[in-house]
Amino acid sequence: MKILGIVLLSLILAGTLTAQWTQTAGPDGGTVTALAVSSNGNLYARSTSAVYRSTDGGAHWSWITSSLPGNVGPLGLYASGSDVWFCDGSGVYNKYYHSTDNGDTWSSASWSGYPVVPTVNAVIASGATLLSAVNANGFGTSGVYASTDNGATWTISSTGLPSTFVPGPFYAMGSDLYVGAMTGSTSKGVYVSTNGGSNWTRKDSTLMPTAFASIGTTLYVSTLTQGIWMGSSGGSSWTKIGTGVTPAIIGAPSIAANGTNLFVGIAGQPGIYKVNSAGTTWDSVATGLPPRNAGSIIYAMAVHGTDIIASFTGLGVYRTTNSGALWAASNNGLHVAKVGGVYSDGTYLYASGITTGYFRSGDHGDTWTAINDGLDLRNTGYFNFLLHGGVLLAGGGLPGYARST
């Protein structure tokens, strides 16, 4: 009997050790912190823990960093042709990741020459040189760093920048590269390099940009607290725009330009304005977007062909194919929602996205459907479920309990 017991225990342990988990097909959505469009038409989205790729302009997404360590925290996403780069900001591995096949496979290099505890705010390439906007966080020198070996070794490339300058966003306009001061940087301003980042020249000394865009030779800058500005001839002179708009445009996390129009994502509310190139007409184009003041901001916007893509805190990606007349969530395959609770009533499987509301699956997670009709997604915090009689109760943070029969 003892031998039989040992055999049975061994079989149980073997079954336990070989059990495997696979990700379900959702729920979709979640926080997307950055977008990148490659010259070959691929679109990339960065969350706090993964990078996704879309080959059809954001209609469908695939997870392309599943082979990397699970606690990698992507920063500084950039794509050009079939090359994709990002930095691991988790503080665990301290590596740059580079793909030459659109993110199908990755190589990594532990950086050398970087500050001890860096935050990479942005990445851009100029020919064979990779540039990083680095915040040293008080442990070394902040500035623009350059690498010619895909991120393995770095040297500071901040000639012309103030010593206390913390770079934020990059922008390429023709052969010129622009960099702006990160919000909160001691030294403010916008600087341009005409030689691939080796030297920088000041174009402005007051702004702290969150994003750049351009129409022709006009450069546009968004800020969080200083309004929206346009600089003629690439920033030779600056004019504040949107001052007469109601409500007043205080700032914007993101902007993008499509043809002759500028699209501005307003800070503090997930609304978008379409602005003419002169900055004199502002039209709200928010139909289909999440409710205003939904506890979400528009982290980034990107132009893909004639489409505009906008990424939200907690709510994933929205896309317009008609210049902002109508927006729709475009999160198919984008699984970055934080799940607060899972429940089964014997027929359906329910899941709560902490910032995205409630979802239901009738096929064990192969497909998910949002079940948020009647909920006010301006509130945040969706966590658990309880079936009481024939009534399903769903609990959360600010909204308290919701009930469905």
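Okay, let's start with the rings: the count comes to 15 aromatic pairs in this predicted model. The rule covers rings of Phe, Tyr and Trp, taking the six-membered ring for Trp, and two rings pair if their centres lie within 6.5 Å. Planes under 30 degrees apart are called stacked, over 60 edge-to-face, and the rest tilted.

Take tyrosine 96 and tyrosine 114. Their ring centres are 6.2 Å apart and the planes sit at 65°, so this one is edge-to-face. Tyrosine 96 is in strand S8 (residues 95–99), while tyrosine 114 is in the loop between strand S9 (107–110) and strand S10 (119–126), so the pair ties together parts 18 residues apart in sequence. When I say strand or helix, I mean DSSP runs numbered from the N terminus: E for strands, at least two residues, and H or I for helices, at least four.

Are these two tyrosines buried or exposed? Tyrosine 96 counts as buried because its relative accessibility is 1%, and tyrosine 114 is buried too, at 10%. Buried here means under 20% relative accessible area, exposed means over 50%, and partly exposed is in between, with a 1.4 Å probe and protein chains only.

Tyrosine 114 has another ring partner, tryptophan 111: that pair is tilted, 4.9 Å centre to centre with 55° between the planes. Tryptophan 111 and tyrosine 114 are both buried. Put together, Tyr96, Trp111, Tyr114, Tyr145 and Trp154 make one aromatic cluster.

A quick word on the ground rules. Residues are numbered from 1 along each chain as its sequence is written, and side-chain values use heavy atoms, with hydrogens and water left out. As the model is a prediction, local features need pLDDT of at least 70 and side-chain atom pairs count only at pLDDT 80 or more, while totals for chains, interfaces and linings use all residues.

Now the whole chain. It has one helix and 37 strands. There are 405 residues, and 49% of them count as buried. Of the contacts with a separation of 6 or more, 42% are between residues 24 or more positions apart; contact means heavy atoms within 4.5 Å.

What order do its four strands take? The sheet is open and runs S18-S19-S20-S21, with antiparallel pairing. Strand S18 (209–215) and strand S21 (237–241) are the edges, each pairing on one side only. For two strands to pair, DSSP has to find at least two bridges between them. Strands S19 (residues 218–223) and S20 (residues 228–232) have four bridges, and tyrosine 220 has methionine 230 in S20 as its bridge partner.

There's also a hairpin of S31 and S32. Strand S31 (residues 339–344) and strand S32 (residues 349–353) are antiparallel over five bridges, with tyrosine 343 partnered by tyrosine 350 in S32. Four residues lie between the strands, and glycine 346 takes a positive phi near 95°.

Last stop, glutamine 23, in the loop between helix H1 (2–18) and strand S1 (29–30). Glutamine 23 counts as partly exposed because its relative accessibility is 47%. Beyond its neighbours within four places in sequence, glutamine 23 contacts Trp63 and His335. Glycine 365 is 342 residues away along the chain, with 8.7 Å between its C-alpha atom and that of glutamine 23.
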